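Please read the numbered points beside the sequence and the model.

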Amino acid sequence: MIMTTQTLFTLPETSLPGPLPVDYLSLEDRIEHSAWNTLETQLTREGLAVLPGLLSPAQCRQTADLFLEEDLFRSRIVMERYAFGRGVYKYFRYPLPDLVGRLRESLYSHLAPIANRWHTAMRIGERFPATHAEFREICNRAGQPRPTPLLLRYQAGDYCCLHQDLYGDHVFPLQVVFLLDQPGRDFEGGELLLTESDPKRPGRAEVVPLGQGDAVVFAVNHRPVRSARGFYRANLRHGVSRLLAGQRHTLGIIFHDAK
């Protein structure tokens with residue numbers, strides 16, 4: 001099954017002629033003007049939703065270039081060593097680069113109410129505070145002090161096995177991935193994959209088409225599914241298909257920190 005990209009970003013009225021460039025608004029304003037009600041509906045129904053063009057091409061290039069700045073990262077993972085797939089990813093250290101930190105804080109403030117409604121529906125006791133700083137403090141007190149935003153690089157032949165990003169007892173149920181390169185120009189293949197195991201119906205798999213600068217929000221491990229008796233949990237995993245040519249960078253925003 002192939003997911004179609006739904007526009008979930010609306011701009012305020014302006015007197016400027018023609019279409020607005022993506023960097024007309026600040027990063028925070030672009031996030032603020034995303035269609036969050038529509039996004040929540042799609043997230044709950046499908047387990048994922050796409051925010052197209054959230055980062056400008058310049059922001060994508062600048063973020064991908066951070067991969068070479070070793071001082072910004074706390075660890076480097078060669079996936080083949082751990083049977084995770086093939087490719088390399090790096091976890092940022094604190095303090096996070098400015099754009100990464102702003103994305104994490106701004107996106108969290110909009111996703112936390114959705115996460116709380118999901119937990120209510122799935123009868124999970126944990127609730128999330130309004131700001132990411134407060135949630136970080138909860139993680140720290142539980143022995144989860146290490147930052148989890150990461151930058152990934154895939155080259156021809158690389159791929160990522162299906163997995164869930166779980167790093168401790170406190171797990172924020174949503175995460176966000178940004179595609180930093182342009183399919184068809186910078187690379188071929190390397191599609192984002194999402195699979196769902198549902199105890200009451202056959203499983204499904206989604207190919208998520210993304211363009212440069214698009215963000216996809218998706219479930220970390222579970223999403224609520226409505227039934228005649230309320231809600232139950234469907235289990236989700238994500239991965240990346242084999243890259244056929246070129247080079248592909250992605251930025252992953254995970255909101256809970258790691259042990």
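**Notes on the model**

1. Thr63 touches Leu99, Leu151, Leu180 and Leu251, when residues up to four places away in sequence are not counted. The residue belongs to helix H3, which covers residues 57-65. Is Thr63 buried or exposed? Its relative accessible area is 4%, and the cut-off for buried is under 20%, so Thr63 counts as buried. It should be kept in mind throughout that the model is a predicted one.

2. The chain as a whole holds five helices and 14 strands. Its C-alpha trace spans about 55 × 50 × 40 Å along the principal axes. For 259 residues, a compact globule would have a radius of gyration near 18 Å, and the chain agrees with this because its own value is 18 Å.

3. Contacts and burial may be taken together. Among contacts between residues at least 6 apart in sequence, 79% join residues at least 24 apart. Of the 259 residues of the chain, 53% count as buried.

4. The largest nonpolar core has 69 residues, of which Leu103, Leu107, Leu111, Phe172 and Phe178 touch the most other members. Which helix gives the most to this core? Helix H4, residues 98-121, does so, with ten residues. As general background, nonpolar side chains tend to be buried together in soluble globular proteins.

5. Leaving aside neighbours within four places in sequence, Phe178 is in contact with residues from several parts of the sequence, including Leu54, Leu55, Leu103 and Leu107. Further contacts of Phe178 include Gly213, Asp214 and Ala215, as well as His249, Thr250, Leu251 and Ile253. Two of these partners, Leu103 and Leu107, are named with Phe178 among the core residues that touch the most other members. Leu251 is also touched by Thr63.

6. Arg30 is found in helix H1, residues 27-32. With a relative accessibility of 2%, Arg30 counts as buried. Arg30 and Leu54 are 24 residues apart along the chain, and their C-alpha atoms are separated by 6.7 Å. Leu54 is also one of the contacts of Phe178.

7. Most residues other than glycine have a negative phi, and most peptide bonds are trans. The peptide bond from Tyr94 to Pro95, however, is cis, with omega near -5 degrees. Pro95 lies in the loop between strand S4 (88-92) and H4.

8. Ala83 is not a glycine, yet its phi is positive, at about 60 degrees. Its place is in the loop between strand S2 (73-78) and strand S3 (85-86). Ala83 is exposed, with a relative accessible area of 62%.

9. Arg123 likewise has a positive phi, near 60 degrees, in a residue other than glycine. Where is Arg123 found? It is in the loop between H4 and helix H5 (132-141). Arg123 is exposed, with a relative accessible area of 62%, whereas Arg30 is buried.

10. Two surface and charge values complete the note. The chain exposes about 12,000 Å², and carbon and sulfur atoms supply 52% of this area. The chain has 30 positive and 29 negative charges, and their mean positions are 8 Å apart.

Technical notes: Residues are numbered from 1 along each chain as its sequence is written. This is a predicted model: local features need pLDDT of at least 70, side-chain atom pairs count only at pLDDT 80 or more; totals for chains, interfaces and linings use all residues. Side-chain values use heavy atoms; hydrogens and water are left out. A nonpolar core is a set of buried Ala, Val, Leu, Ile, Met, Phe, Trp, Tyr and Cys residues joined through side-chain atoms within 4.5 Å. Buried means under 20% relative accessible area, exposed over 50%, partly exposed in between (1.4 Å probe, protein chains only). Helices (H or I, at least four residues) and strands (E, at least two) are DSSP runs, numbered from the N terminus. Contact means heavy atoms within 4.5 Å. The radius of gyration is taken over C-alpha atoms; the globule rule is 2.2 Å times the number of residues to the power 0.38. Accessible areas come from the Shrake-Rupley method with a 1.4 Å probe; for residues, only the protein chains shown count as cover. Lys and Arg count as positive and Asp and Glu as negative; His and the chain ends are not counted. The place of a charge is taken as NZ of Lys, CZ of Arg, CG of Asp or CD of Glu.
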